[in-house]
Amino acid sequence: MPRYSGADRYFPTPSPVRRAPFIISGVPADSFTMEETVRYAFHLMERHCRDGRPRYACTLNEDSLAGTLKLSLDAKRSAVLLNVFRQADMVMTDGDSIIRASRLLGPALKECSAGADLVHRIILEASARGKSIFLLGDGDARDTAARIKERYPDVTAAGWDAPAGSTGWRKTQAWVADSGVAERINASGADILIVAMGSLKEGLWLHENRRLIRAPLAIGIGRAFDAGGGPYDLGNFRTRPCRPSVASILKMVALMGPSIFLHQYARAVTPHGYLKMCRSEIVTKHGRRAGSDFIALTLPGSVDSNSARRIGALVSSRPAARLIVDFRTVEFIDSAGLGMLLDLILRWDASEYPISFTGLNSGVRRCLRVNRMYDLISSREYADVEEALASR
């Protein structure tokens, strides 16, 4: 069983924003406003001061989602990209299709929270806090750094780099493994690393180099630097608004396949309200077996955004015992509920305690498979709580 050591989700300091990931085809996305994204980003930097572990945030858009779905890509690359997003400390959204899809699959994401406007706010906050930044990416990083320094004279620019040969999948693999880039960033002493080379490449680079980079926070903005003064020119900070359209949602359906939308939406329209009324109880049982403590968590009939918040309040953010998640009464799971499950899995996998799952019916398994979550559960699934406790 893989251990997601890079994904500690408990907070050593109180978080100013509650993280509640939304799941779209197995890929998590944080439902933050732009302001909440900035606040959470600097909270991640504060956590680095406590434990010394650098954090990274990446951007989810149509291209990166397609990269995880094996569309015209080899299976190895798709699996790597899916893991990149699962282990990220924050996943920002960029694109109207992602926003519109969230409205069908579960609670809607609040807004697009990536791109040049985010960098504008990050730089303002970094300037106020006396933090330095380093620019890394495709395009003209040098001119972009100069324009930022001209517009924000108080910001400390630690440096910039635009590595050659970072285009194409094969070349990207070799460039990602080049430790010289990480060494130059570390030598600059930067507090914040801004990576701009498209969400696919920057996600791979951030994930593979997370143990080499010493900057407290690295942020991938999902687009390349532009020296031409166009609408995506980072120096001008003009961003494309999210304007959902029929064309955008059709594009998302084509990317993901109709089954995901039909499965989630069809289950949402009929049983959901009834289940919320009559099967809303969440039960936690603490016990001890064979000298070790355990927590048995019985999920409600409807695992949605409301029950996900309640579960978050019942289950400690710092794992201190084995966790057994019981699905025997579950009939409906939306994308917020899937995000809660992923959060529990990553949090317990980063600890010394195991997590197990029991009571899954065929409908729940089908939902997990459609949303590419069953691979994280199948190897630790048991018939009931007693069987889970008897396992080692």
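Let me start with isoleucine 24, which is buried, with a relative accessible area of 0%. Buried means under 20% relative accessible area, exposed over 50%, and partly exposed in between, using a 1.4 Å probe and protein chains only.

Before I go on, the background. This is a predicted model, where local features need pLDDT of at least 70 and side-chain atom pairs count only at pLDDT 80 or more, while totals for chains, interfaces and linings use all residues. Residues are numbered from 1 along each chain as its sequence is written, and side-chain values use heavy atoms, with hydrogens and water left out.

Back to isoleucine 24. This residue sits in strand 1 (residues 21–24). Strands here are DSSP runs of E, at least two residues, and helices are runs of H or I, at least four, both numbered from the N terminus. Isoleucine 24 and alanine 101 are 77 residues apart in sequence, but from C-alpha to C-alpha they are 8.0 Å apart.

Phenylalanine 134 is 61 residues from valine 195 in sequence and 8.5 Å from it in space, C-alpha to C-alpha.

Now the cores. A nonpolar core is a set of buried Ala, Val, Leu, Ile, Met, Phe, Trp, Tyr and Cys residues joined through side-chain atoms within 4.5 Å. Which members of the largest nonpolar core touch the most other members? Of its 36 residues, they are Ile24, Leu60, Leu136, Ile185, Leu193 and Trp205. Another core, of 33 residues, lies apart from it and includes Val315, Ala321, Leu323 and Leu360.

Next, the aromatic rings. The whole structure has two aromatic pairs. Rings of Phe, Tyr and Trp (its six-membered ring) pair if their centres lie within 6.5 Å; planes under 30 degrees apart count as stacked, over 60 as edge-to-face and the rest as tilted.

Phenylalanine 327 lies in the loop between strand 12 (322–326) and strand 13 (332–333), and phenylalanine 357 in strand 14 (residues 355–358), so the pair ties together parts that are 30 residues apart in sequence. Phenylalanine 327 is buried, at 0% relative accessibility, and phenylalanine 357 is buried at 0% as well.

There is also a charge over a ring, which requires NZ of Lys or CZ of Arg within 6 Å of the ring centre and within 35 degrees of the ring normal. Arginine 369 lies over the face of tyrosine 374, at 4.5 Å from the ring centre.

Last, the backbone. Most residues other than glycine have a negative phi. Alanine 290 is not a glycine, yet its phi is positive, at about 55 degrees. Where does alanine 290 lie? It is in the loop between strand 9 (283–289) and strand 10 (292–298). Alanine 290 is exposed, with a relative accessible area of 62%. Arginine 372 has a positive phi too, near 55 degrees, and is found in the loop between helix 15 (362–370) and strand 15 (381–382).
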